[in-house]
Amino acid sequence: MPHVLCAAESEFPVSSQPAVMDLPAFAEVVVPRHLNRSFTYAIPDQLRDRLQVGSRVRVPFGPSMLEGVVVSLAAQCGRGDEQDPTTRGRVAGRLREIASVIGEAAEAGLAPDLLTLTRLVSERYLAPWGQCVRLILPTLLAHRRSSRYLITETGTKRQESAGRLTSTACRILARLASAPKGLTLISLRRTVTGPVARTLRTLARRKWVRQIERDRQGDQDSRTEPRRPPTNDMTPAGSPSQVHKPQESATVPPREMAWWDQLRRALDGAEPRLFLLQAPAAQRLSHVIRAAEETLARDRTVLILAPEVIRAAAIAELARARWGDRVELFHSGLTPTRRGQVWRRIRAGTAGIVVGTRSAVFAPLISLGLICVEDEEDPSFKEEAEPHYHAREVAWMRAGQDKAVLLLGSAHPSLETVQAIGASGEALRISDDGVVPPAIQVVDLRRFLPGAVLTEPMVAGIRAALEARAGVVLFLNRKGFAPALLCLDCGGPQRCPHCSVTLSFYKRAARLACHSCGASVPVPETCTLCLAARLEPVGFGTERVEEEIRRLFPGARIGRLDRDTAPTPGKAAAIRRLASAGEFDILIGTQMLFQGFPRPPVGFVGLPHADAGLHLPDFRSAERTYHALLDAVALARSGEAGGTIVLQTYLPTHHAIASVVSYNESGFYDQELAFRKSVGYPPFTHLVSLRVSGTNPALVREAAERWSGLLKAALRQRSAGEERPPPHETLGSDITILGPIPAAVARVRGRHCWRLLVKSADAEVARVVVKRTLEVLEKRPGRGGLKFDVDIDPVEMV
């Protein structure tokens with residue numbers, strides 16, 4: 001695995017508790033905002049004996065009331081000349097006070113190791129600490145909505161003799177005087193004009209109004225046992241315990257027995273260990289369940305991560321069949337109330353197994369012994385928003401903290417994992433020995449007329465499967481009717497007015513849609529560039545494949561599974577249930593076909609455009625195409641059961657295509673790793689993607705060029721002027737800076753974007769360089785709405 005920080009390496013460790021004899025008077029609090037620092041608050045007398053490091057508190061922050069986390073306590077204020085204890089009263093008078101503590105029970109607070117984890121994530125991904133603290137909070141609450149303001153006795157007297165009060169203050173006091181239960185800020189703004197929030201703060205300082213907090217999202221400490229949510233549309237049809245029944249074998253191969261011995265020793269040991277389990281989903285999950293049993297037997301807890309909610313829900317259902325209420329499902333899709341309830345059960349140690357998606361890697365498990373990452377190669381484990389953490393890497397951080405085992409599971413692991421594991425004993429590969437794979441017929445599209453959707457071999461294969469009632473699946477990872485609508489006169493595509501993106505054509509809806517910003521416009525009668533009336537769709541997506549299938553096979557029952565037909569998880573689950581029940585003769589879909597648990601295999605799988613993903617400007621395009629094609633091939637029956645596959649491609653000799661056709665796994669990995677090494681890309685180097693965006697294209701370009709100049713100056717180890725970062729003694733010549741250039745999508749939602757790419761064999765050196773230059777850029781006044789984004793080891797390059 002790539003190098004990640006451990007607790008001892010953290011530059012900002014979480015403070016320990018102060019001495020018992022010194023009751024704390026000041027607290028350092030981190031709030032969930034884009035800020036890389038903590039804030040000092042005075043502790044009211046009534047809270048001084050109740051706070052501890054990790055306590056969740058509500059604090060005033062500007063006009064808002066935010067939930068924060070206490071990261072250190074002190075009896076004296078440690079701010080420069082304010083450390084003099086004789087000035088304590090004056091200092092406390094200037095500092096804002098903590099409003100309240102969230103929850104009285106011990107499990108309401110955050111464990112110090114989770115706080116340390118957020119600091120490690122902040123340093124690893126160069127993200128503000130405040131943004132990382134959000135990851136460990138039970139819910140992302142909007143407490144401003146639950147804050148109510150009440151008029152005090154002093155305020156009532158002042159309201160009766162308004163005197164020199166502003167008109168806004170007079171109206172606020174009058175409204176509060178008529179509302180015994182108080183009013184929210186939103187309610188006051190509906191009837192009072194002027195600076196309502198600022199006036200309320202002034203009135204509160206004068207003790208004329210007071211603010212009370214009511215947690216309407218269920219975050220108060222609950223003494224009732226949360227009810228188990230009923231099975232809903234997120235739960236796949238059928239019983240996963242039947243689909244994934246653990247396989248018991250009378251004869252275990254020696255290599256597998258040795259792997260289990262190593263795993264048990266790792267669970268008994270005091271060092272983090274990394275293991276790989278490469279196998280089809282059914283066999284893989286049976287091993288995960290067995291590993292969980294071994295972990296629970298040692299009085300340690302288990303965390304299982306899945307790439308999507310539907311798969312996590314099914315794994316949790318299977319685990320509950322064995323361990324009942326010791327299993328909890330934890331993901332960001334839960335309601336705030338339910339998420340808070342589950343979080344408290346986990347924090348209290350009631351749950352021994354937690355199953356969830358990416359965000360569950362921050363679940364407050366106690367005595368963590370095993371972390372399983374299912375389908376570890378899935379890009380869903382990388383967070384798109386700040387902080388851009390990768391759940392697989394954070395899982396390794398947690399394994400280091402808890403001396404736990406990290407078990408990565410996949411049918412076709414990522415190149416990073418293959419390189420990290422190598423041929424060591426920590427890797428167990430299970431294959432369906434003796435099972436004849438389905439034959440794959442390759443159709444070279446270069447021998448057919450341009451624009452061919454379904455060739456004769458593909459149509460013949462579909463017809464044979466329909467006659468045998470064997471089932472048909474067609475996979476194409478491109479939705480819509482066509483990816484572009486071109487003008488036959490000028491050759492120009494129709495583009496999004498807000499983004500530099502070609503609009504996709506949807507024939508049934510008669511609209512053009514942007515896949516970047518979601519904008520949708522009617523299909524124009526003439527070209528928006530030259531006003532010619534000759535517009536023609538180019539390429540094809542799942543909607544066009546469906547149209548062709550309906551034309552060729554009018555009597556067939558046809559279903560389609562993509563984001564257009566299934567925009568919600570419930571609708572996707574409904575389509576999957578129909579497919580599992582055999583209600584479709586032909587099912588057409590994108591990668592949504594592979595989500596959830598595998599369905600019964602079909603007799604024919606068709607790949608109309610197998611190389612579609614190879615043309616993206618991304619060095620991972622071959623790897624992703626290889627993974628997707630293997631998942632599609634896995635949908636077919638074995639060769640002995642009559643399974644057949646037809647693969648249409650313009651690139652039949654590409655190593656990703658050829659390796660799938662010949663079932664040559666080592667051939668693909670060897671060739672792809674050699675290519676990555678020759679050009680200096682992961683897993684042999686680390687990448688840092690830098691993006692500058694804004695509404696003014698000239699300012700964006702200037703800022704990107706300035707960032708490039710700062711980076712190059714740092715590498716030259718020179719400091720010239722205030723804008724130059726100081727040199728660092730470890731900087732060397734092993735860092736490459738690419739760019740700046742306009743991003744692949746140069747404008748999104750009206751914001752222009754330029755990017756740079758930093759390549760380095762030493763991840764820490766790259767972080768030091770980028771961090772110092774970023775601090776210079778963000779401190780510059782008058783940034784003009786510019787946003788600087790840093791993505792460490794990015795997964796998406798487009």
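The following legends describe close-up views of a predicted model.

**View A. The six-stranded parallel sheet.** The strands of this open sheet follow the order β16-β26-β25-β17-β24-β23, and their pairing is parallel. The edge positions belong to β16 (439-444) and β23 (558-561); each has a single partner strand, so one side of each lacks a neighbour in the sheet. On average, neighbouring strands are turned by 15° against each other, direction ignored.

**View B. Pairing of β17 with β25.** Residues 472-475 of β17 and residues 604-607 of β25 pair in the parallel sense over three bridges. Val473 has Val605 in β25 as its bridge partner.

**View C. Helices α15 and α18 across the sheet.** Helix α15 (residues 456-467) lies across β16, β17, β24 (586-589), β25 and β26 (644-649). Its direction is at about 155° to β25. Helix α18 (residues 621-633) lies across β16, β17, β25 and β26, and also runs at about 155° to β25.

**View D. Two cis peptide bonds.** Glu386 and Pro387 are joined by a cis peptide bond with omega of about 0°. Pro387 is in the loop between β13 (368-374) and α13 (391-402). A cis peptide bond also joins Gly739 and Pro740, with omega of about 10°; Pro740 is in strand β28 (residues 735-748).

View E. Tyr663, a residue other than glycine, has a positive phi near 55°. Tyr663 lies in the loop between α19 (655-661) and α20 (665-679) and is partly exposed, with a relative accessible area of 35%. For Asp793, also not a glycine, phi is positive and near 50°. Asp793 lies in the segment after β30 (787-792). With a relative accessible area of 17%, Asp793 is buried, because the cut-off for buried is under 20%.

Notes. Residues numbered from 1 in each chain as written. Predicted model: local features only at pLDDT ≥ 70, side-chain atom pairs only at ≥ 80, totals over all residues. Heavy atoms only, no water. Pairing = 2+ DSSP bridges. Helix = DSSP H or I, 4+ residues; strand = E, 2+ residues; numbered from the N terminus. Axes fitted to C-alpha atoms, helices over the stretch in contact; angles between N-to-C directions. Contact = heavy atoms within 4.5 Å. Buried < 20%, exposed > 50% of the residue type's maximum accessible area, 1.4 Å probe, protein only.
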